[in-house]
Amino acid sequence: MQNSLSDKLIQRSFLAVLIAQAFYLGTLVLKMPFSACAYFQFAGLVLVISGGILWDIFHRNKGKTVGGAGLYFRQYPCRTFLFLALVVLQIVWNYGAHMPYIKGDITGEIMQSFLTTDQIYSVNPMTGEGFLTGMPSRLKILGLPALYASVSKVTGLSVPFVCYRLIPAVVLLLGYLSYERLADFFFGEDKKAKLTFLIFVALVWQFGSYGLYNDSARLFLQGWRGESIRAVVLLPYALNCLLRKKYAGLVLTAFVELCVVWTLYGLGFTILMAAVFLIAGKVVAKK
Amino acid sequence: MKLLGLMQDGYTLFVKDGQITVLYFLSLFLLWFLIKDKQELFKKYATLILLLLLFPPTAWLLMKYQTTFYDYVNLWTLLPQTAMVAYVLTVCGEKLAGYRFGKTKRKLGEGPAIAVLAVLLFLCGSLTLFAHPTEETGRYFPKDVEEVLEYVDTSGGEVYLFAPEEVAEYARIYDGRIKLPFGRNMWEAALSAYTYDTYDAGDGEMNDWLNGNLKGLSETEVSENYFSICSSRGFDYLVFDKERVKESGFSAAVEKQSDYDKIAETGKYVIYKRM
């Protein structure tokens, strides 16, 4: 089986989110301080990175790693440059030159609450005072804000920078990796077509951010939110897994969705996409 | 009828300011009827999910599936719009690049073909982001708001700030040690999903008073009363819009009260601190 660099980066990012979620839930249930959660999550991240490197070292002869920007650059320098320039421009323009759009979202407040109180949801994030009646458990169990707050705590970076600049940029890059996988499925070894596809993805995102509910508007305006991650990273990657019949990757994606967005008891859009795909597959088979 | 109304509202939200979705429809048409292609499964998934989203009974089922916490418009995330449009444009770009002009028989070339399709894409979309303030380039918070928050001293621990909504909504992102009497869910209904806590009519009136929206009452008397309440509730900082402080009734109340001293004035706000 061929392991692409994009696959590795995406799957290890997903694994890191799952491990972070497990530590977060453990801390929540055991009512431990938030700092414990932060350091456990950091340890988990180190574990994923070092484990991944060790895995690559021990398996370097068993699978061929393909991909890498260098290869594209040598063969198609103009297209590669254009694509990379668009990505850099999007990061600088959308995350560096715009104010964050915080309507309908309190991730920043949740992060500050965790960091200030060193407790998980001991206060109402919107006021800083104790809850009168509490908050819904379905939202409490989502570990994304805790993961971001952990990044802030361990690195010392400010909450606004982590939440509104760093994380959306990471999500943007993961989104391109997901679409690179789709490009690889559609065009195989045709690197020129793959690059053209990615350039058009960049342009669709850039020109298509006119409404809040478009993928790219979600990404550029509120790239830190679970819904944005689902729209630009998880669902394209799930589509790629379904097209390639890589069901382990699909299950991993479904679990990550469960960690970042409130779903119907785990039945998120990834599962729904798989079901629709199954029906579409039957239609293809009958033809 | 309610279902159709919800669907119509959701679809309008999705497409109202641009037409990339039209390119999706066009892409599907091209894939079905003009482009000989091997991506059968992708094409059929893209078609089926579109039909499921547009057909009211299936849309109703999907809405039930995604729980009542999300609106119909959120379902459109399932549409592989970016992948479909980018894929068809790539395929069309290759064909367009090989197109020969008139008598010269010169090919259009790949660069111009991509440029033509990029222009088409641009015409269906927009260069500007949805509702995104650009005048505050590179900032996390509006300048006026940050100026106020810089005066709130949290070096000694938590402080209580009572400020207009546009200041309060950024205060706790700015510093977690700033506490607020009312959360953003008071004026931003969607955020009520994050807590079971609610506010009573009295809280709403107090917030209206601060924001200058409490009308029809004697301003001086009401303001004196609210200053007293603010003090008894332990609010450390009060922030008012500059224009509000200039109102005669309100300014008379400010003169009469003795709990708060003016500590600063910014371009838009006046800041008082409890003595």
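Visitor: Why is B:K242 called partly exposed?

Guide: First, a caution: this is a predicted model. B:K242 has a relative accessible area of 21%. Buried means under 20%, and exposed means over 50%. The 21% of B:K242 falls in between, so B:K242 is partly exposed.

Visitor: What makes B:K242 and B:E265 a salt bridge?

Guide: The closest N and O atoms of B:K242 and B:E265 are 3.4 Å apart. The cut-off is 4 Å between a Lys or Arg nitrogen and an Asp or Glu carboxyl oxygen. The pair is within that limit, so it counts as a salt bridge. B:K242 lies in helix α11 of chain B and B:E265 in strand β6, so the pair ties together parts 23 residues apart in sequence. B:E265 has 41% relative accessibility and counts as partly exposed.

Visitor: Which salt bridge involves B:E158?

Guide: B:E158 pairs with B:K179, the closest N and O atoms being 3.8 Å apart. That is within 4 Å, so the label holds. B:E158 sits in the loop between α7 and β3 of chain B, and B:K179 in strand β4, so this pair links parts 21 residues apart in sequence.

Visitor: Are B:E158 and B:K179 buried or partly exposed, and why?

Guide: They get separate labels. B:E158, at 46% relative accessibility, counts as partly exposed. B:K179 has a relative accessible area of 17% and is buried.

Visitor: What is the separation along helix α7 of chain B between B:E147 and B:K143?

Guide: They are 4 residues apart, about one turn of the helix. They form a salt bridge, with the closest N and O atoms 3.3 Å apart. B:E147 has 25% relative accessibility and counts as partly exposed. B:K143, at 43%, is partly exposed as well.

Visitor: Why is B:E146 called buried?

Guide: B:E146 has a relative accessible area of 18%. Buried means under 20%, so the label applies. B:E146 is found in helix α7 of chain B. Leaving aside neighbours within four places in sequence, B:E146 is in contact with B:R139, B:F141 and B:Y174.

Visitor: Why is A:D105 called buried?

Guide: The relative accessible area of A:D105 is 3%, under the 20% limit, so A:D105 is buried. A:D105 is in the loop between α4 and α5 of chain A. Beyond four places in sequence, A:D105 touches residues of both chains, including A:R225, B:R184 and B:Y194.

Visitor: What makes A:D105 and A:W224 a polar contact?

Guide: Their side chains are joined at 2.7 Å. The limit is 3.5 Å, so the pair qualifies.

Visitor: How many residues of chain B are in contact with chain A?

Guide: 87 residues of chain B are in contact with 90 of chain A. B:Y65, B:Y140 and B:Y194 lose the most area to chain A, together 11% of what that side buries. The area buried between the chains is about 8200 Å², with 65% from carbon and sulfur atoms.

Visitor: Which salt bridge joins A:R79 to chain B?

Guide: A:R79 pairs with B:E110 at 2.7 Å between the closest N and O atoms. That is within 4 Å, so it counts. The chains share 4 salt bridges.

Definitions and conventions: Residues are numbered from 1 along each chain as its sequence is written. Chains are lettered from A and ligands numbered from 1 in the order in which they are written. This is a predicted model: local features need pLDDT of at least 70, side-chain atom pairs count only at pLDDT 80 or more; totals for chains, interfaces and linings use all residues. Side-chain values use heavy atoms; hydrogens and water are left out. Contact means heavy atoms within 4.5 Å. Buried area is the accessible area (1.4 Å probe) that two parts lose on being put together, summed over both. A salt bridge is a side-chain nitrogen of Lys or Arg within 4 Å of a carboxyl oxygen of Asp or Glu. Helices (H or I, at least four residues) and strands (E, at least two) are DSSP runs, numbered from the N terminus. Buried means under 20% relative accessible area, exposed over 50%, partly exposed in between (1.4 Å probe, protein chains only). A polar contact is a pair of N or O atoms within 3.5 Å; within protein, one must be able to donate a hydrogen and the other to accept it, and residues adjacent in sequence count only if both atoms are side-chain atoms.
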